[in-house]
Amino acid sequence: MPEFLPTAPYRGTRDFLPPEMSVRTQVFGRLYEVIERYGFQRYDGPILESAEIYEAKSGEEIANQQLYTLTDRGGRRLALRPEMTPSVARMIAGNAGALQFPVRWYSHPNCHRYERPQRGRVREHWQINVDIFGSTSANTEIEIFELIHDMLAGLGASEDMFVVRANDRNLLSSALTDVVGVSDEQLPEVFALVDRWEKYEREKLAASAEEIGLTDKQFEKLGDVLTAGTALLDELPEQVKENSNLVRVLGSNAASLIRFDPMIVRGLAYYTSTVFEVFDTSPENNRALFGGGAYSDLASLFTAQQIPGIGFGMGDVTLMDFLGTHGLLPQPKAEVDVVVIPVTENLGDAARTVATSLRRSGVRTSVPLEFRKLGKELGRADKAGARVVVIVGQEDWDAGNVTVRSLATRDQRVVAVDSAPATVAELLAE
């Protein structure tokens, strides 16, 4: 027996057969439409980048544990992109002189991370990235939060299905140092502890706090700070709050779009102030769906020009889980709307002529590639999801006619060839 190669994809990657691809195309198409209504323009970039940009900007977890790296024949260290933000920072910096800031850009790349495959995590995913570059105005944050709500609404989600939990790293730093008494040296480790706060048991959190050097009293105070909500703001210095765009958002009519939550930190190293995560509120899928934040100078690796920004990345895996949990996934589209069937093999050219006219009118139309009897082709058309068939018979064709039949209602009409597109359109509209 010959030994065949496996048909399964590499672990952590996925095949998308046409029905699933149809669902994905519909979902992403709706999202593109909403994003572009806000004036965002789509861009793209290479899947291979210098490994350095991720090691410098993406944080230790990605750089040290999740990066797919390789060395090319010229000895250059490259990586499959694990995320898009460092790439777009490079592109913005390289084209800064020709851009009119602020700019609104979005993309939909596939990204690769060496994850342990599980629900919500795979090794290759597609992620919609949305960013505003070149402004420090609080209006950028308001627009991002409005966009998130409109994107999810565009997929059929109601406001009670999700919540946008937002924080400001500078507010949290002040709370940790001024309220909890954390030293500047301890801050990075405490930030990492906060990021794990909802994922670990209390005993494990306490043990980690002790390793950092926090006292039991500080640990208790840390818990109070992280669950205080907006009441925490009353304990912070006015100067810190005056410099926070998130505080400005909370004081605007956009405050209802978010919930202030000191537990939101985000693990990526380039976030400098506002950070946020969107959570599913269903107990069946109570997890973060996607997130993002603001960065004061992400382009610093590439230029001396300071270019601030804010954005988010919406991954396809958690998004599809969310839509599935709430029954919001669209149905796959049928293969075609219409099948043009020649009754005899010699009518193949005639059938293709009719199909061409239907396609030019915007109707998805197919013609059998192999000749079969009419009954079998009608059955195949039905299984393909076609709603209408056009039957080309010799007698009709000689008279300049075809037969148009609705597979749903069995309504059947003999019409002139030139009238076939209008008749098909009428039956499809029923």
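1. Strands here are DSSP runs of type E with at least two residues, numbered from the N terminus. By that rule Ser-366 sits in strand S14. The model is a predicted one. Ser-366 is partly exposed, at 23% relative accessibility. Setting aside residues up to four places away in sequence, Ser-366 touches Val-336, Val-338, Val-339, Val-340 and Arg-359. Pro-332 is another matter. It is 34 residues from Ser-366 along the sequence, and the two C-alpha atoms are 18 Å apart.

2. Gly-362 counts as exposed, with a relative accessibility of 61%. Pro-421 is 59 residues away along the chain, yet its C-alpha atom is 9.3 Å from that of Gly-362.

3. The largest nonpolar core holds 70 residues. Leu-222 and Phe-312 make the most contacts inside that core. Beyond its neighbours within four places in sequence, Leu-222 is in contact with Leu-176, Val-180, Val-190, Leu-193, Val-194, Trp-197 and Leu-214. There is also a second, separate core, of 21 residues. Its members include Ala-96, Ile-264, Phe-279 and Tyr-295.

4. Leu-222 belongs to the buried residues of helix H9, which spans residues 216-226. The background is helix geometry: with 3.6 residues a turn in an α-helix, residues three or four places apart point the same way. Asp-216 and Lys-217 are exposed, on the face of H9 turned away from the buried side.

5. What covers the buried residues of H9? The cover includes helix H6 (169-180), helix H7 (187-195) and helix H8 (202-212). Two of these helices also pack against each other. H7 and H8 meet at an angle of about 175°, and their axes are 10 Å apart. Angles over 145 degrees count as roughly antiparallel, so H7 is roughly antiparallel to H8. On the H7 side, the contact is made by Glu-189, Val-190 and Leu-193. H8 contributes Leu-205, Ser-208, Ala-209 and Ile-212.

6. Next, the annotated positions. An unreviewed UniProt entry lists Glu-83, Met-84, Thr-85, Arg-113, Gln-127, Asp-131, Arg-266, Tyr-270 and Tyr-271 under "binding site". Two of them deserve a look here.

7. Thr-85 lies in helix H4 (residues 85-94). Is Thr-85 buried or exposed? Its relative accessible area is 8%, and the cut-off for buried is under 20%, so Thr-85 is buried. Not counting residues up to four places away, Thr-85 touches Asn-129, Tyr-270, Tyr-295 and Leu-298. Tyr-270 is itself on the UniProt list. Tyr-295 is in the second core.

8. Arg-266 is in the loop between strand S9 (259-260) and strand S10 (274-280). At 17% relative accessibility, Arg-266 is also classed as buried. Beyond neighbours within four places, the contacts of Arg-266 are Arg-169, Asp-195, Tyr-271, Val-275, Phe-276, Glu-277, Gly-291 and Gly-292. Tyr-271 is another position on the UniProt list.

9. Asp-316 is buried, with a relative accessible area of 0%. Leaving out residues up to four places away in sequence, Asp-316 touches Arg-14, Phe-16, Arg-24, Phe-28, His-125 and Trp-126.

10. Finally, two backbone points. Most peptide bonds are trans, and most residues other than glycine have a negative phi. The bond joining Phe-101 and Pro-102 is cis, with omega about -5°. Pro-102 is in the loop between H4 and strand S5 (103-107). Arg-410 has a positive phi, near 65°. Its place is the loop between strand S16 (401-406) and strand S17 (412-416). Arg-410 is exposed, at 56% relative accessible area.

Key. Residues are numbered from 1 along each chain as its sequence is written. This is a predicted model: local features need pLDDT of at least 70, side-chain atom pairs count only at pLDDT 80 or more; totals for chains, interfaces and linings use all residues. Side-chain values use heavy atoms; hydrogens and water are left out. A nonpolar core is a set of buried Ala, Val, Leu, Ile, Met, Phe, Trp, Tyr and Cys residues joined through side-chain atoms within 4.5 Å. Buried means under 20% relative accessible area, exposed over 50%, partly exposed in between (1.4 Å probe, protein chains only). Contact means heavy atoms within 4.5 Å. Helices (H or I, at least four residues) and strands (E, at least two) are DSSP runs, numbered from the N terminus. UniProt positions are given in the numbering used here, feature names are shortened, and annotations may be inferred rather than shown by experiment. Axes are lines fitted to C-alpha atoms, for helices over the stretch in contact, and angles run from 0 to 180 degrees between N-to-C directions. Angles under 35 degrees count as roughly parallel, over 145 as roughly antiparallel, 65 to 115 as roughly perpendicular and the rest as oblique.
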